[in-house]
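Colleague: I would like to go through this model term by term. Please set each value against its definition before you conclude anything.

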Amino acid sequence: METTSLPPARGRGRPPSITHARIADAGIALGLRNITFVGVACALGVSHMALYKHVASLEALKQLVADEIIRRWKIPQALGNEPEALGAYLTVFSASIQEFVKAHPGVTPYMLRRMAASEAVIEKIQSHQRHIAQAYGIAQERAQWLLATVAFHCFAAADTVYSVAAQEPVVDADRALEEAEMEVEFTRGMQALIAGALLLSESDQPGA
């Protein structure tokens, strides 16, 4: 999804103070879970009523910011083109999702809930699936299932890990240790899931 600026407001020749790009930047800086109309308006240096003229509701505001966060996410590209490298790629893909969720608390629902996904997000996901299918010489359906399975469980698990860690009533050092321990278990779990998903998808192939 390309970032689209709103038409310049009529006035004394000044550039517009509110654009979708600036709104998204302000929302990303605040964090999805902390977004309010007043907070974004203050960051933009405008009134919250002026912001309402560009975004109709708080949910629309969060959707705009979430879409931009996802648009900027650089999904890892294929690692070579040997079929046996697919497992290694899925591990890298999983790690990318983990870091993405950690960096952007609150983004998970916009990736997992179909009703929350915009057309641009859906196209980004489908484009990635086509890329992996072509890169590793596998059927589109297999690439879609593998990536969707890994992504769904990785987003859900990572969101839980970092949500729980953030709520730990301990000092920062202990919280960091708790988070690190959960990350180790998270990584092991995802490795097991990836291995199982590969075996299952192979058994479903014709002639298997």
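Modeller: One definition comes before the rest: contact means heavy atoms within 4.5 Å. The model is predicted, so local features need pLDDT of at least 70 and side-chain atom pairs count only at pLDDT 80 or more, while totals for chains, interfaces and linings use all residues. Residues are numbered from 1 along each chain as its sequence is written, and side-chain values use heavy atoms, with hydrogens and water left out.

Colleague: Why is Val65 called buried?

Modeller: Buried means under 20% relative accessible area, exposed means over 50%, and partly exposed is in between (1.4 Å probe, protein chains only). Val65 has 0% relative accessibility, so it counts as buried. Val65 is found in helix α4, where the buried residues also include Leu61, Leu64 and Ile69. Of the 208 residues of the chain, 38% count as buried.

Colleague: Which residues meet where α1 packs against α4?

Modeller: From α1 there are His20, Ile23, Ala24, Asp25, Gly27 and Ile28; from α4 there are Leu61, Leu64, Val65, Glu68, Ile69 and Arg72. By class, this contact has seven nonpolar, two polar and three charged residues. Ala, Val, Leu, Ile, Met, Phe, Trp, Tyr, Cys and Pro count as nonpolar, Asp, Glu, Lys and Arg as charged, and the others, Gly among them, as polar.

Colleague: How is the arrangement of two packed helices described?

Modeller: By the angle between their axes and the distance between the axes. Axes are lines fitted to C-alpha atoms, for helices over the stretch in contact, and angles run from 0 to 180 degrees between N-to-C directions. The axes of α1 and α4 come within 9 Å and cross at roughly 85°. Angles under 35 degrees count as roughly parallel, over 145 as roughly antiparallel, 65 to 115 as roughly perpendicular and the rest as oblique. So α1 is roughly perpendicular to α4.

Colleague: Why is the pair of Trp73 and Phe155 called edge-to-face?

Modeller: Rings of Phe, Tyr and Trp (its six-membered ring) pair if their centres lie within 6.5 Å; planes under 30 degrees apart count as stacked, over 60 as edge-to-face and the rest as tilted. Seven aromatic pairs are found in the whole structure. For Trp73 and Phe155 the centres are 6.0 Å apart and the planes stand at 90°, so the pair is edge-to-face. Trp73 lies in the loop between α4 and α5 and Phe155 in helix α8 (residues 140–166), so the pair ties together parts 82 residues apart in sequence. Phe100 and Phe155 also form an edge-to-face pair, at 6.3 Å centre to centre and 90° between the planes. Phe100 is in helix α5, 55 residues from Phe155. Trp73, Tyr89, Phe93, Phe100, Tyr136 and Phe155 form one aromatic cluster.

Colleague: Helix α8 holds both Phe155 and Glu141. What makes each of them buried or exposed?

Modeller: Phe155 has 2% relative accessibility, so it counts as buried. Glu141 has 59%, so it counts as exposed.

Conventions. Helix = DSSP H or I, 4+ residues; strand = E, 2+ residues; numbered from the N terminus.
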